[in-house]
Amino acid sequence: MSKWKEWKLSSSLKSILLMLILILVQLIWFSIQSPYFLKIGNIVNISRQIAEIGIIAIPTAILIIAGSIDMSMASTLGFCAMAFGMMMNGGIPIWAAAVLTILVGAAIGVFNGFFVAVLNIPGIVSTIGSMVLIRGMCYIINRGNPVNGFSEGFIKFGYADVLGIPVSFLVMTLLFAAAAILLQRTNFGVKVYAIGNNEVSTRFCGIKTNRFMWGLFILNGMLIALASIFLLARLGSAEANLGQNYDLDVLASVLIGGISILGGKGNITGAFLGLLVIGILRNGLNIIGVSVLYQSIILGVLLILTAAKWKKVKD
Amino acid sequence: MNEKPILQIRQVEKRFPGNYVLRKIDLDVYPGEVLGLIGENGAGKSTLMKIITGVYSLDGGEIIFEGQKVSFQNTKEALASGIAIIHQEFNLFQNLSVAENIFLDRDGYHDKGGRVDWKKTRQEARRILKELGAEFDVDTQVSEIGVREQQLIEIAKAISSNAKVIIMDEPSAALPQNEVGHLFDVIRLLKERGCSIIYVSHRMKEIEEICDRVAVLRNGTNVGTMQLANTNMHEIITLMCGREITDYYPHVQLEPGDVALQVEGLTNQYVKNVSFRVHKKEILGIYGLAGSGSVQLAECIFGLNRFREGKIVTVKGTAEKHTPEEAMSLGIAYVPPDRRREGIIKELSVEKNLILPQLRRYSKAGFLTQKKIKSRTIEYMKQLNILAVNSRMLLDNLSGGNQQKVVLARWLDVQPDVLILNEPTRGVDIGAKVEIYALIDKLAQQGLSIVMISSEIPEVIGMCDRVIVMNKGRISGTFASSELNQEVLLNTASVAQGKEG
């Protein structure tokens, strides 16, 4: 009788436990450091701050599991926010501008997906190009000027809540739940993992992998556009460099959350916990007065430590 | 043998969390011999080789090399001491030259600053390759030379560091059948130089031809080491499987039914004007050497490759769009030759590997019908004797033979009329092989048409009712099973063709 190889312990369970411990340690440490940290006001603050990052982290996680990546997310976020603001200032009703903004996001997804799906260029290469390109467009569309002066109603929307929970955070949480169900229980999820694991085998099973990847990029663009709407409502102003560094936090959440940069492995629950780790860390460091520069260093160290998990197995 | 063994393995044990992989293995290797090492998948062959070369540490016992106890930290250390391993997949840098690959990072071929001594590197490379009878230039880039030449480079790497024991893991797996003979010439040459070879292989014919002695592993124990002269293949295989295998090729030819697949004048850059028919209940073999176009032909039929001219017709219609989806709807299924790259998805469960071509059938409004999937998977696991803890087990944790059965189950579940099997038993151990042959025979009896592409001559002769031989993209001969023998196949597959080449 031939035997199967050693059955691996679920590594995803381990990484989820690890993150829960990390979150707990952070909560205890920061609440000792600052009496303000655990106040309701601050917790609401954290939830509002991580909402946009979280909404982008969802399609980013899906793209990475499927074996690709969108490096242009921060530029897309900025561009969509500017486009949204300009449309509103141009007199388009808020809801119509919001719908149009999501279409703008979809269009960017079509553009990015084209290179990956039709020309077979790796996402990491082509989207670095569009990252620069779209950022350039951010400067051009309003000649480098910030977009602001929105109606009071819109700004109120930015701080709207249901039973004290920010709307943006609710939307993000719902999207995470939807994504978790989608990845675990549907055809869509099977395809995402299959392509990320072995694109050739998946294609040999009659699945149109290129078309599917294109679809993922469009979804990605639309969700980034949605995030940009919440971001603009919260900030009340969009500058051409808006969104810069958001990609770092998004990628950090996803990677700390145990999703392999090589594709095919990881789950959305991990990304959600990763998001909490990053969100609490950022907020806590801000409250105890650590400068943004040092925050980068701490974040970098954390990322490298998580990266160690993916070190090549000696074989 | 009166000589002292050069390599002694004494009571070696290895545990992975949970179970023993090797139990008290004893094995001696004598200078200048070729020792065959066989065993089914999961018997512990590769673990043992990894322990010898320092990839794994051992949990018990000792390894004695040239009279001294050794414990290498990695393969580089092992190589420096004189034990080399040549893997099934070569460790070569495709974009470096032959000479660079042989002496890369070797002491004595660069100075302290890391500057390479090019003259010495080239000269030595040339000398060694000449000894091995190689004809290619040492400045050629590796990506430009063939598999056999690449294997020679691996061997050159080993002997250039004075390896006294060379472990070859499935060395013929990557080679076209007609080049295995060249490999054996090189092995004989190495023997003359006093080098010992550990020849790990599934292929009994090769073991019989080249080995002096053979060691059989089963479930992590050495169940017997014997002189090949004193035994026969039947005995060895029985020992390896732990049971007697009487009937390799159970296939009985049936009266063929109606035409199930008709291919007419298929032409693209790889295949030229290929026409054939397959009937119900028939097993049609396609035999060809590497580069004959048989793989591309199969990919054309399954819609993975485009073709300029020609027609593919089944009972269900004519191919128009040439996509795998359409091929499936025409009743065609395809089991590709490279299981790891084209077949399985190793990080997905047995269940999900099974349903992949038919996601729509196994879902309602996009949601997977979990119960149906599970019960169907378990059904196939029983039917094909797939050994897995449960239906959620990842494919990566299954042995090669069981992985192949999952791929077969996947395509049987599509309920095709025509099943194209491309190298269905490559890298599969004998036990699983025989099971697969029995399954193929059963399927033909149930009325399926089977196209079996294979480069293993015994399998082609043993299983097929009719065989098409391909050469340079064309059909160079068609034979009924009664006309078949090894010579006919090889000759037809390698005849030089007219002016076009």
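Q: Is B:Ser292 buried or exposed in this predicted model?
A: A residue is buried if 20 or more other C-beta atoms, placed from the backbone, lie within 10 Å of its own, exposed if 12 or fewer, and partly exposed in between. B:Ser292 has 26 C-beta neighbours inside 10 Å, so this serine counts as buried.

Q: Which residues does B:Ser292 touch, not counting those up to four places away in sequence?
A: Helices (H or I, at least four residues) and strands (E, at least two) are DSSP runs numbered from the N terminus. Contact means that C-beta atoms, placed from the backbone, lie within 7 Å. With residues up to four places away left out, the partners are B:Met470, B:Asn471, B:Lys472 and B:Ala493.

Q: How many residues does domain 3 of chain B give to its contact with domain 2 of chain B?
A: An automatic or database domain assignment sets the bounds, with domain 2 at 247–331 + 417–428 + 443–501 and domain 3 at 340–415 of chain B. Their C-alpha centres lie 26 Å apart. Domain 2 of chain B gives 4 residues to the contact, and domain 3 of chain B gives 6 residues.

Q: Which element gives the largest share of the side of chain A that touches chain B?
A: Here 25 residues of chain A meet 38 residues of chain B. Helix H8 (187–197) and helix H9 (199–204) of chain A are the elements giving two or more residues to chain A's side. The largest share, 6 residues, comes from H8(A).

Q: Which pLDDT do local features need?
A: Residues are numbered from 1 along each chain as its sequence is written, while chains are lettered from A and ligands numbered from 1 in the order written. In this predicted model, side-chain atom pairs count only at pLDDT 80 or more, totals for chains, interfaces and linings use all residues, and local features need pLDDT of at least 70.

Technical notes: Contact = placed C-beta atoms within 7 Å.
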